[in-house]
Amino acid sequence: MHFLPEQASTISVEVDHLMYFLLAVSIFFTVLIFGAVFYFAIRYRRRSESEPPRTQHTGLALEVVWSVIPFGLTMIMFGWGASLFFREARPPDDAMQIYVVGKQWMWKLQHMEGQREINELHIPINRPVKLLMTSEDVIHSFYVPGFRTKQDVVPGRYSITWFTATKPGKYHLFCAEYCGTRHSGMIGWVYAMEPQEYQEWLAGGPSGSMADAGARLFDDLACGNCHKPDGSGRCPNLVGVYGSNVKLADGRTVKADEAYIRESILNPPAKVVEGFQPLMPTFQGLVTEEGVVELIEYIKSLSPRPGQPAPTQTTVPSTEPAAGGSSPGNR
Ligand code: CUA
């Protein structure tokens, strides 16, 4: 019987330390305040019907002390909590990515290499894993207590969480947001494995990566009729788009991330690229969320990995005041 679930990720120890601190402060003040309430109630009780209350004078020093100490304590809680929150919200650049789609009432997961899972997630230990998550229907929440990870999974947008598992083992996966009658059945397991074992597990999967599946879908939907790789099509060339800054017809500049690509597939008129007409029909209802993430992976595969210079087609330098001298050449 454990007071807390096993600490199985890098951040879990720190989350627990913060939790113990909050608990200790709460217990200390609960005891102090209730102790004082009972002590004063007895010590200064009314002793007879005719006893007039004594005149009370406030003490400035006392009031300053009982304001400054709680203020300091709450600022420590704020600073500590915020720094942990920021760390949990920012996956490292070298994290391996896994896509998660929640639906009533199951978790569907897909690895870059093409492996698909339902209500099970296999990951290697000692390697940061980033989850890019969305929902097909209502709000769910991806919760792995052993990793101290809980993140809402919201329809219509991508939410991100990440963790680095530290111990091989089998950990509970829950949905932590009430999502309908079988919410309590929306559970599963995360299997943290030695990297070698994980490689063997991956090798046992289907051949063909997510990007390959996306390329097939791209063909099936005839996207290539307009998005021609040489830039001669009626729609923007997609080579090098991912990660670039895209200038829009309305003058805005947006970063081509996963959310931008998803929106451009499902709601193309929302952000029309400068120099192009809003010709593209919506693919809402024609592509599933899983299809969308495969298309995203395909489009990502058309862009160079970080570190290499980005192609300049359909990309323009950031219009923001150049904080670090950003241009396509040195990004
Ligand atoms: Cu999904 Cu609760």
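A salt bridge here is a side-chain nitrogen of Lys or Arg within 4 Å of a carboxyl oxygen of Asp or Glu. By this rule the count comes to 12 salt bridges. The model is predicted. This report takes the salt bridges first, then the strands, then the surface patches.

**Salt bridges**

Side chains of opposite charge can pair when their charged atoms come close.

| Pair | Closest N and O atoms |
|---|---|
| Lys300 and Glu258 | 2.8 Å |
| Glu297 and Lys300 | 3.2 Å |

Take Lys300 and Glu258, which form a salt bridge. This pair links distant parts of the chain. Lys300 sits in helix α6 (residues 289-301) and Glu258 in helix α5 (residues 258-266), 42 residues apart. Are these two residues buried or exposed? Lys300 has a relative accessible area of 12%, so it counts as buried. Glu258 is at 6% relative accessibility and therefore counts as buried as well. The cut-off for buried is under 20% relative accessible area.

Lys300 also forms a salt bridge with Glu297. Both residues lie in helix α6. They are 3 residues apart, about one turn of the helix. Glu297 is buried, and so is Lys300.

Arg252 has a relative accessibility of 39%, so it counts as partly exposed. That class lies between the buried limit of 20% and the exposed limit of 50%.

Strand β5 covers residues 128-135. How many of its residues are buried? The count is 8 of 8, so the strand is mostly covered. Its side chains point two ways. Pro128, Lys130, Leu132 and Thr134 point one way. Val129, Leu131, Met133 and Ser135 point the other way. All of these residues are buried.

Which strands pair with β5? One is strand β1 (residues 96-103), which runs parallel to β5 and is joined to it by 7 bridges. Within this pairing, Val101 stands opposite Thr134 in β5. Another is strand β8 (residues 159-164), which pairs with β5 in the antiparallel sense over 6 bridges. Here Leu132 stands opposite Ile160 in β8. Strand β8 is mostly covered too, with 5 of its 6 residues buried.

**Surface patches**

Arg43, Arg45, Arg47 and Arg54 gather in a patch of positive charge on the surface. Where is Arg45 found? Arg45 lies in the loop between α1 (12-43) and α2 (60-89). Arg45 has a relative accessible area of 42%, so it is partly exposed. A patch residue needs over 30% relative accessible area and no salt bridge. Arg45, at 42%, is therefore over the area limit.

The nonpolar patch is made by Phe28, Leu32, Ile33, Phe34, Val37 and Phe38. Its area is about 630 Å². Phe38, one of its members, has its place in helix α1. At 54% relative accessibility, Phe38 counts as exposed, because exposed means over 50%.

Terms used
Residues numbered from 1 in each chain as written. Predicted model: local features only at pLDDT ≥ 70, side-chain atom pairs only at ≥ 80, totals over all residues. Heavy atoms only, no water. Buried < 20%, exposed > 50% of the residue type's maximum accessible area, 1.4 Å probe, protein only. Helix = DSSP H or I, 4+ residues; strand = E, 2+ residues; numbered from the N terminus. Pairing = 2+ DSSP bridges. Patch = residues over 30% accessible without salt bridge, like charges linked within 9 Å, V, L, I, M, F, W, Y side chains within 5 Å. Areas by Shrake-Rupley, 256 points an atom, 1.4 Å probe, with all protein chains shown as cover. Lys, Arg positive; Asp, Glu negative; His and termini not counted. Charge placed at Lys NZ, Arg CZ, Asp CG, Glu CD.
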